[in-house]
Amino acid sequence: MNNQCGTSPIVGFRFTLSPMTSDFVNVIKGALKETNLQNVWRHTDDVSTVIRGRSEHVFDVAKAVLSHASKNGEHVSMSGTFSVGCPGDTAGDNLLDVTTDPVNGPVSTQYVSSQFALYPLGDAKYMDIIYEEIAFAKERGVFNDSMHYASGIHGDIEPVFSFYEATFDRVRAKTSHVVMTVTFSVNSPSHEGQQHA
């Protein structure tokens, strides 16, 4: 096991997809089947799915899965953890030697509300880094609200995911081990009347 942070370029995302429908099994399996997974390593168990590989492909796949799961109008939630620089990461189950071009690409317009928490682990100036990324969200026009233990991000799915990927990559350039938890909500009844940011 690698006991030093920051020596592996592997980015991982472990997530749980929760469609609010009795047909949740088909929604989950269908979203994974419709998403091109060729550039990530993937494993699904009875609780969650993990994908691993280059940052651009991990975010591309996460966005595509959420888009496919929510395209029929069902209320869908996705909660997960992005991580890079984990001391326990190994090179055995990843896909790093692949093209840098995301294979799923842009998805259909869809309003997304989300909340995230950022953890620049081992950095004494972690709060400065977090505040910088909140300011970055405001610059990007996707910041929604401050709250206990998280910050709200919302808007169309493309700029929302663009922000998360950019923030994750910006922070990993400053500190060796980065964890970011995110919860997405799509097609919620409480979103009625919301406009795309």
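Is M127 buried, partly exposed or exposed? M127 counts as partly exposed because its relative accessibility is 32%, which falls between the 20% limit for buried and the 50% limit for exposed. The views below show details of a predicted model.

**View A. A nonpolar surface patch that includes M127.** The patch is formed by Y126, M127 and Y131, whose accessible area together is about 320 Å². M127 belongs to helix α3, which runs over residues 126-140.

**View B. The stacked aromatic pair of F13 and F15.** The whole structure holds 11 aromatic pairs. In the pair of F13 and F15, the ring centres lie 5.2 Å apart and the planes make an angle of 20 degrees. This pair counts as stacked because the limit for stacking is an angle under 30 degrees. F13 has 0% relative accessibility and therefore counts as buried. F15 counts as buried because its relative accessibility is 3%.

**View D. A lysine over the ring of F143.** The charged end of K138 is placed over this ring, with a distance of 5.0 Å to the centre of F143.

Key. Residues are numbered from 1 along each chain as its sequence is written. This is a predicted model: local features need pLDDT of at least 70, side-chain atom pairs count only at pLDDT 80 or more; totals for chains, interfaces and linings use all residues. Side-chain values use heavy atoms; hydrogens and water are left out. Patches are made of residues with over 30% relative accessible area and no salt bridge: like charges are joined within 9 Å, nonpolar side chains (Val, Leu, Ile, Met, Phe, Trp, Tyr) within 5 Å. Accessible areas come from the Shrake-Rupley method with a 1.4 Å probe; for residues, only the protein chains shown count as cover. A salt bridge is a side-chain nitrogen of Lys or Arg within 4 Å of a carboxyl oxygen of Asp or Glu. Helices (H or I, at least four residues) and strands (E, at least two) are DSSP runs, numbered from the N terminus. Buried means under 20% relative accessible area, exposed over 50%, partly exposed in between (1.4 Å probe, protein chains only). Rings of Phe, Tyr and Trp (its six-membered ring) pair if their centres lie within 6.5 Å; planes under 30 degrees apart count as stacked, over 60 as edge-to-face and the rest as tilted. A charge sits over a ring if NZ of Lys or CZ of Arg is within 6 Å of the ring centre and within 35 degrees of the ring normal.
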